[in-house]
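Please look over the model before reading on.

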Amino acid sequence: MKTDIQIAQEAKLSHIKEVARHLDIQEDDLEFYGKYKAKLSDELYDKVKDNKDGKLILVTAINPTPAGEGKTTTSVGLGQALTLLDKKAVIALREPSLGPCFGIKGGAAGGGYAQVVPMEDLNLHFTGDFHAITSANNLLAAMLDNHLQQGNALNIDPNQIIWKRCMDMNDRVLRNIVVGLGRKVDGVVREDHFIITVASEIMAILCLADDMKDLKERLGKIIVAYTYAGEPVTAKELNAVGSMAALLKDAIKPNLIQTLEHTPAIVHGGPFANIAHGCNSVRATKMALKIADYVVTEAGFGADLGAEKFFDIKCRMADLQPDAVVLVATVRALKYNGGVEKANLSEANLDALKKGIVNLEKHIENLQKFGVPVVVTLNKFMTDTEEELAFVKQFCEERGCDFALSEVWEHGGKGGVELANKVLHTLETKESEFKPLYDTSLSIKEKIEKIATEIYGADGVTYDAAALKSIARIEEIGFKEAPVCMAKNQYSLSDDAKKLGRPTNFTINIREVYVNAGAGFVVAITGTVMTMPGLPKHPAAENIDVDDNGVITGLF
């Protein structure tokens, strides 16, 4: 059986200008990065902004398991299937982070015969967007520390600096560091921290900004520290906005690539959904809606994280109206939620499936709270029995969801035609009545508690003393009505990764709260979730190599 990278490397790619023609995009609106990658020009949106919006289809999933669910694979395969059905479709995805690529999760280009390509470029440096975001983040950090060194005219309290440095790599030893050691000219000694680039507020800002003007306004609002008097200090006050924007000048432009079957894919931005808002850029999504009739996008991890934030943060801020949701699961993952060990998931076990399907049930209920029609799809495996598949189908249809099997990993677009037809049927017969989960006029604690109780199923919320103090300060300085971005482990509906299925009788603990003033939301950190991940005992990086001819192996 061929690996994902072997399939991708054997594919015959079309020149990106040919892919663009499927969307009626002319060569003048492409900024080429070689033959197979291009950025879309700023002028293109002005040309298409009066076009009628296409249909917006979100792909999400149950909580991820070691068995795999295939959310991005499904997104790509659905886009390919819609193209096979002669629909003008485009896929809008996030860019992968180097952290998971070299860690344990692997890349994020889809899989099998439902991939976006060039796969190696996408999973590694791509068009340099993440490097630009990292540089802008760290420029701001450097200017902040330089301000302290040069007399601290803004009266910044070094013990109340909240801006962190970042890098796009899993490196746990950088979570907590001391900077400024050495001579007096080497800076002010203080505690500092690193986060992964996808958790940087600048990543969120880039993904939520409408244009360069909006980007600069948002960058200027970033709160980097507080003064001795407790007043916030912003990036604008450090005179850092123009130089950061200059670094992001090209990164703000969406990227165009293709699938294995040449369906256009706009890939731009990449915040994680467990520690950030988990969606590709607003610019990419809005562009896609103007140049295609059907836009397939995805939100990271399970629906309790990515989908909730897609609806409550991205759609709210960008005034997007989603038309349908595809909820991805596998029989294997549901049996894992029912208590079956990973090694035994290939064995038929209807009892475990019935026990574990409560995880899918909770995600269906959650998505229906937003008023958007739901289609459930199972990524089919050879070991799935007809009895197991029939049980899941009946379970979903009894809850008002259309249902389809997906075999896009093995068959590409052809394997997604059943799903595509069900999605088209849903779009034609069911009206979306989208509404966010909560009103932003609620207090920060009320919004946190609404998400925790209604989406996660918690009995309530507890707060560390530091979190309560932060909430009071955030509301005091004018951010009471900001939406909330929950940072929570992805493996469970609770804040305990070991609680599978549909946990009950638990509370969510909030240990830290801070405001991303430029992005426009408040982040609440739960449990033990980390904004700088670490590598596993045997990281994927150990198996990645490049031969004498420059051919990369080991990526997955």
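## The largest cavity

Ala 199, Ser 200, Ala 204, Ile 275, Ala 276, Tyr 514, Asn 516, Phe 521 and Val 523 form the lining of the largest cavity. A cavity is a set of points on a 1 Å grid over the protein atoms alone where a 1.4 Å probe fits but cannot get out; lining residues have an atom within 4 Å of a point. The model is predicted: local features need pLDDT of at least 70, side-chain atom pairs count only at pLDDT 80 or more, and totals for chains, interfaces and linings use all residues. Residues are numbered from 1 along each chain as its sequence is written, and side-chain values use heavy atoms, with hydrogens and water left out.

The volume of this cavity is about 40 Å³. A search of the whole structure returns 1 cavity of 30 Å³ or more. Volume here is the space filled by probe spheres set on the grid points, which are joined across faces, edges and corners. Strands E22 (507-516) and E23 (521-526) each give at least two residues to the cavity lining. Strands (E, at least two residues) and helices (H or I, at least four) are DSSP runs, numbered from the N terminus. The cavity lining has 7 nonpolar, 2 polar and no charged residues. Ala, Val, Leu, Ile, Met, Phe, Trp, Tyr, Cys and Pro count as nonpolar, Asp, Glu, Lys and Arg as charged, and the others, Gly among them, as polar.

## The second largest pocket

The second largest pocket holds about 1100 Å³ of space. A pocket is an open set of points with protein on both sides within 12 Å along at least five of seven lines. Its lining has 37 residues; Ile 161, Ile 162, Lys 164, Glu 512 and Tyr 514 lie nearest the centre. By class, 19 are nonpolar, 9 polar and 9 charged. Elements that each supply at least two lining residues include strand E7 (156-161), helix H20 (465-476) and E22.

Strand E7 also contains Asn 159. Asn 159 counts as exposed, at 73% relative accessibility. Exposed means over 50% relative accessible area, buried under 20%, and partly exposed in between (1.4 Å probe, protein chains only).

## Helix H16

Which residues of H16 are buried? They are Glu 388, Leu 389, Val 392, Phe 395 and Cys 396. They cover an arc of only 130° around the axis, so they sit on the same side of H16. The arc is taken from the directions from the helix axis to the C-beta atoms. Glu 386 and Glu 387 are exposed, on the face turned away from the buried side. Cover for the buried residues includes helices H13 (331-337), H14 (350-356) and H15 (358-368), plus strands E18 (374-379) and E19 (402-406).

## Backbone features

Most residues other than glycine have a negative phi, and most peptide bonds are trans. Val 117 and Pro 118 are joined by a cis peptide bond, with omega about 5°. Pro 118 lies in the loop between strand E6 (114-117) and helix H6 (119-123).

Asp 319 has a positive phi, near 55°. Asp 319 lies in the loop between helix H12 (303-318) and strand E17 (324-329). At 60% relative accessibility, Asp 319 is exposed. Asn 505 has a positive phi of about 55°, and lies in the loop between strand E21 (484-487) and E22. Asn 505 is exposed, at 66%.

Conventions:
Contact = heavy atoms within 4.5 Å.
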